[in-house]
Amino acid sequence: MFESGAYVADALGDIADEQVQPNGVDLTLARVERQREPGRITTEGKTIGERTRVATVDRDGRDCYALDPGYYVAGYAETVRVPEGHVGYVYPRSSLMRNSCMLHTAVWDAGYEGKGKGLLEVGHPIEIEKGARFAQFVLADANHEGEYDGSYQGEGVE
Ligand SMILES: O=c1ccn([C@H]2C[C@H](O)[C@@H](COP(=O)(O)OP(=O)(O)OP(=O)(O)O)O2)c(=O)[nH]1
């Protein structure tokens, strides 16, 4: 069963009313990066290739990312917490998808806490304001053994 948006907002904390949706919480765009060197995944570990931050441009006084088609690593502004007994998923905001763009995501493990990342695929040029809602986080009940304790635990959290 998926939890309600109000439950997800409580789990995350510090969420504005406009971000709370019936079934989840909208996440906002903090930063956009482009990968500039290869990464590596082996049987023993992984390295993530270096990335360069994409600069924002001013559009009528708004700080926007003006993105050409391609793949970008997007950082969420919110600190996500996945409570015990749950698993998290992120979906694109449908307006992103309706603008020929997509957000590709992985599994958010029970016990994870941090400012995570998503792969933003831009199929047609788009402008997204820094801080705009572009994704939705949902929580589902889940059995699990242990909790997340990997290399991304606590990422981006001061
Ligand atoms: O789209 C996603 C999905 C997950 N995460 C976060 C939450 C998740 O708990 C953590 C680690 O994900 P995963 O276990 O898939 O990473 P890994 O590549 O297996 O790394 P590790 O070996 O450190 O677990 O990254 C994201 O930032 N973005």
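Author: A salt bridge is a side-chain nitrogen of Lys or Arg within 4 Å of a carboxyl oxygen of Asp or Glu. The structure holds 7 of them. The model is predicted, with local features needing pLDDT of at least 70 and side-chain atom pairs counting only at pLDDT 80 or more, while totals for chains, interfaces and linings use all residues. Residues are numbered from 1 along each chain as its sequence is written, and side-chain values use heavy atoms, leaving out hydrogens and water.

Reader: Which residue forms a salt bridge with Asp26?

Author: Arg133 does, with the closest N and O atoms 2.5 Å apart. Strands are DSSP runs (E, at least two residues), numbered from the N terminus. Arg133 lies in strand S14 (residues 133–141) and Asp26 in strand S1 (residues 25–35), so the pair, 107 residues apart, links distant parts of the chain.

Reader: How many residues surround the ligand?

Author: A residue is near a molecule if one of its heavy atoms lies within 4 Å of it. Here 14 residues surround the ligand, Ala106, Asp109, Lys117, Tyr148 and Ser151 being the closest.

Methods:
Helices (H or I, at least four residues) and strands (E, at least two) are DSSP runs, numbered from the N terminus.
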